[in-house]
Amino acid sequence: MERLPGFRDFFPEPLPKGEAWSADVREYIFDRWQTVARRYAFQAYDGPPLEPLDLYTAKSGEEIVGQLYNFTDKGERAVSMRPEMTPTVARMIAARERHYKKPIKWYSIPQLFRYERQQKGRLREHFQFNADIFGENDPAADAELIALLIDVLRSFELTADDFVIRLSSRNAWQDFFSAHCSDDSKAYDFYQAVDKIERTPPEESDKKFQALGFTLEQVRNFIDSGEPTEELQAVLDNLAARGLGDYVKIDYNVIRGLAYYTGVVYEAFDRHGKFRAIAGGGRYDQLVSLVSDGKNDLPAAGFAMGDVVLAELLKDRKLLPEFNQSIDAFVLIEDESLRAASLGLVQQIRDFGLNAEYSVVPQKPDKQFKRALEMGALYSARLTGPQEAVIKNLSTREESTWPLAKVAEQLV
Ligand code: HAM
């Protein structure tokens, strides 16, 4: 049986030939995401991987709705696998925000599903680090999120030469749109055309803009002006105060494809432009109200970073560490009459907080020893009687004998 296209198996290192996705790399990435989020005082949350279809159809915009993994369940409910986390967290916040002090700072690492055309950096399943702040409409909250985004990328040893945050504003685009067009129903199509501008041939973009009453040249001129609005200047100043000014630039090419954004928006890209967006996000002040039918209302902002582009980028820059399984002690069972006592030793070592391996079934002593070396064990330990063991440092080959109860503490 083959796996479905666009889905991944994650194997432990060293990877089998032909397999690209490493469970060790995934663990490494998740660990960094969590560590830096906690450093910024974000709290973990999670939600269901399956949601009512309605949660997405009205709120996320056509592009993502066209990519839904949706079906009717056995209870005749229209449901969808989650393609993104933002509607879920907005629903959770709308229901329970009173319980939490503001601003609410939450993070999550969901697995998401989008029926996309498979290509470099885009799969049908991916993991995302999501970080969001609720209950604060000052641009300082956007700056806090962007600082977190920068520090997450820096925690992988990426520098200002490797990536940049392209900062823009839906408000700025809204003002531009309103100055030239009074028909608000065209705004979504206009934003979509801007979102695709860098990936679309100019003649095609021009045609789309003409149909909406604009010209490509007009739009280009606005992008080239690159003047920060007041809110963007506040974000720039905030980041400069942290010494993070080199990681951001104003870039009105960015507008974000999702429908719910309302203010500051941004995307993180590698400096050489070789990869798809590493991360994207922005302010979405109306979504909490939208998912709660107006019962609740709270300003919101956040971003998400996918694991696919990030792993490709880290591989490209040779920034992934080597992953070797590390075993503290391999317990050799050379005399099967001592198996029960040896299991006691394995347990003692594990209870002490170290990791221990052994042969679960009888095996020739040389085979066991070979396995210990293959696994890179630091020590071997073998019982020489029911109450005594010899431990061996496998790099210096030094041996010493200890009472059984004292073995684990010798292994640190
Ligand atoms: P998004 O731009 O759709 O935003 O996705 C964020 C990141 O997830 C992208 O920059 C990319 O790295 C990754 N990503 C998206 N789709 C795929 C895919 N098919 N395969 C691999 N990676 C992918 C959102 O999802 C918003 N909900 C982010 C957000 C959070 N806004 C506010 N809070």
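A pocket here is an open set of points on a 1 Å grid over the protein atoms alone, with protein on both sides within 12 Å along at least five of seven lines, and its lining residues have an atom within 4 Å of a point. Points are joined across faces, edges and corners, and a volume is the space filled by probe spheres set on them. This is a predicted model, in which local features need pLDDT of at least 70 and side-chain atom pairs count only at pLDDT 80 or more, while totals for chains, interfaces and linings use all residues. Residues are numbered from 1 along each chain as its sequence is written, and side-chain values use heavy atoms, with hydrogens and water left out.

The largest pocket has a volume of about 1000 Å³. Its lining counts 48 residues, with R122, R256, E267, R276 and A277 nearest the centre. Strand 12 provides the largest share of that lining, 5 residues (strands are DSSP runs of E of at least two residues, helices runs of H or I of at least four, numbered from the N terminus).

Where does the ligand sit? The ligand is found in the largest pocket, meaning that more than half of its atoms lie within 2 Å of the pocket's grid points. Around the ligand are 26 residues, the closest being E84, T86, E116, D132 and Y261; a residue is near if one of its heavy atoms lies within 4 Å.

The table lists polar contacts, pairs of N or O atoms within 3.5 Å.

| Ligand atom | Side chain | Distance |
|---|---|---|
| nitrogen | E84 | 2.5 Å |
| nitrogen | T86 | 2.6 Å |
| oxygen | Q128 | 3.1 Å |

The protein covers 96% of the 660 Å² of accessible area that the ligand has on its own (Shrake-Rupley method, 1.4 Å probe). Strand 7 (125-134), strand 11 (279-283) and strand 12 (300-306) each give two or more residues to the shell around the ligand.

**Other spaces**

The second largest pocket holds about 550 Å³ of space. Of its 25 lining residues, E13, S22, D24, E322 and F323 lie nearest its centre, and helix 1 and helix 12 each supply at least two.

There is also 1 cavity of 30 Å³ or more, a cavity being a set of points where a 1.4 Å probe fits but cannot get out. About 60 Å³ of space lies in the largest cavity. Its lining includes R8, F10 and W21, and helix 1 (23-39) and helix 12 (307-316) each give two or more residues to it. Helix 1 contributes the most, with 4 residues.

Methods. Polar contact = N/O pair within 3.5 Å; in protein donor to acceptor, adjacent residues only side chain to side chain.
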